[in-house]
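Here's a quick briefing to read with the model open on your screen.

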Amino acid sequence: MNNLGKKMDKVASYESMAAHISQKNDFGKQGKNFFARVALGATLIAGCASLSPMARAAEPDFKVPNGPKYAIDDTVWVKVGMGFRGSGRWAENKAADRFDGRFLIDNARLYVNGQVHKYVKFELNTECFFCDNTHPGDNPRMSYNILDAIGKLEFNRYFNVWGGRMLVPTERGELSGPFYQATHDAFKTPFFSQDFSVKFGNGGAGRYGRDDGGTFWGSVEPGFIKGTLGYAVGVYQGLQSSQGFGPNQGNNVLWAGRFTYNFLNPEKNPGYYTSSTYFGKAGDILALAFGASYQKDGAGSFAHRSDFLGLVGDALFEKVLPRNLGVATVNAEYKQFYANYSTAAFANSDCFCMFDGKSWTVTGLYLIPVKVGIGKFQPYGRFTSVQPNHSSNREEIEGGVNYIIDGFNARISAYYQHGDLFTKGLNYAPTVTGDKVDVFKLSFQLQM
């Protein structure tokens, strides 16, 4: 698999998540035009499937992005690429008794990676941060900036070292990023520090799942159990606080790591990155993983601080059904976060109010083997439950269909969500409220 395509991050839903926190109770009775919106989305997808016979003959139906490569010789080269994701969203507004529509630019990225020596490589990616904040008074402001900046020493499959600004290894969702997810709107469970944060420096712990530090990674075959054990462990800056402001007054660093066991076919991804599906092209997959992240004084405020410990277990099972009956995929994840600061911290302006509690999510997908038009349909269902210790529980059900044109390179998705994740968002204060509402989205992604 080519390094170029695996540029990931958090869905650019930070801006919309921030909006969710402020929306509290302003959504109400379902508008009568909701199912008309659903019908519209289905019609648009069907339209893509009805292209000419010449278009329908396009092959292959899956490949990894492989942008232009500029090579000086076999060991010195540079590759470039791009990725774009967008969504149309219609959300139930109970106060106005209607559905409010909006187009969202989820991600817009440029990728650059290359090699300057047989064992020395680099990766540089950009992102449009908070792309939907386009008004002068918006906070945080929209900016096009560095997403990843990584220097790499890659020796063999057993031991490698990356340094710079990179994804912190914890969960499959983060390491698949938005472009290699099984579903478009993938990030539903509470974020680890580097994703909950929206900035670096004082009061921040990173952004879009990235932090500054170093990662050691590789894979081995233990032998006593058939399969492959992958590991990625590292040390990162984590939450930073200035004197007298914020919980981390001792400049404590963040430790993180992830261990994955593949019992069937190994997953072939660049570095320690992952994918949340392989569309059956990797054969049968059964991967069980455990991740952890710890920082002393990594949560709360100056007056009410606590250590942060985040634990996650996730599983991917993908089965290529016999007799060309399609591909079944199941993703599951369970998180337990410990951030035992006093609820009084929510009133402090310097509070890094991390989630404290448990959450879980499970997604089931079925890739229909018959090509319709230029792609294949992949219906799916998902359930998510978030259970904070000091705030109200929140749940969401999701059902939809992906239209897979060219794997992760070209995909259209139409899906329906019902629950209160949309209205409560990332606010885990004791007083947070939010109605269960209906949301319909029509999304797409393109990359090379």
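How many aromatic pairs does the count come to? The count comes to 22 aromatic pairs in this predicted model.

- S5 and S6 make a hairpin, and five residues sit between the two strands.

**A stacked pair by the hairpin**
- Phe-159 and Phe-216 form a stacked aromatic pair, at 5.9 Å centre to centre with 25 degrees between the planes.
- This pair links distant parts of the chain: Phe-159 is in the loop between S5 and S6, while Phe-216 is in strand S9, 57 residues apart.

**An edge-to-face pair**
- Phe-308 and Phe-337 are edge-to-face, because their ring centres are 5.3 Å apart and their planes sit at 90 degrees.
- Here too, distant parts of the chain are linked: Phe-308 is in strand S13 (residues 305–320) and Phe-337 in strand S14 (residues 327–338), 29 residues apart.
- Both Phe-308 and Phe-337 are buried.
- Phe-308 and Phe-337 belong to one aromatic cluster with Phe-192, Phe-355 and Tyr-428.

**Nonpolar cores**
- Which residues touch the most other members of the largest nonpolar core? Phe-308 and Met-354 do, out of 23 residues in that core.
- Leaving out residues up to four places away in sequence, Phe-308 touches a list of residues including Phe-192, Tyr-294, Ala-299, Phe-337, Tyr-338 and Met-354.
- There's a second, separate core of ten residues, and among them are Trp-90, Ile-374, Phe-440 and Leu-442.
- As background, nonpolar side chains tend to be buried together in soluble globular proteins.

**Charges over rings**
- Lys-69 has its charged end over the ring of Trp-77, 4.9 Å from the ring's centre.
- Arg-165 lies over the face of Phe-200, at 3.5 Å from the ring centre.

Notes:
Residues are numbered from 1 along each chain as its sequence is written. This is a predicted model: local features need pLDDT of at least 70, side-chain atom pairs count only at pLDDT 80 or more; totals for chains, interfaces and linings use all residues. Side-chain values use heavy atoms; hydrogens and water are left out. Two strands pair if DSSP finds at least two bridges between them. Helices (H or I, at least four residues) and strands (E, at least two) are DSSP runs, numbered from the N terminus. A nonpolar core is a set of buried Ala, Val, Leu, Ile, Met, Phe, Trp, Tyr and Cys residues joined through side-chain atoms within 4.5 Å. Buried means under 20% relative accessible area, exposed over 50%, partly exposed in between (1.4 Å probe, protein chains only). Contact means heavy atoms within 4.5 Å. Rings of Phe, Tyr and Trp (its six-membered ring) pair if their centres lie within 6.5 Å; planes under 30 degrees apart count as stacked, over 60 as edge-to-face and the rest as tilted. A charge sits over a ring if NZ of Lys or CZ of Arg is within 6 Å of the ring centre and within 35 degrees of the ring normal.
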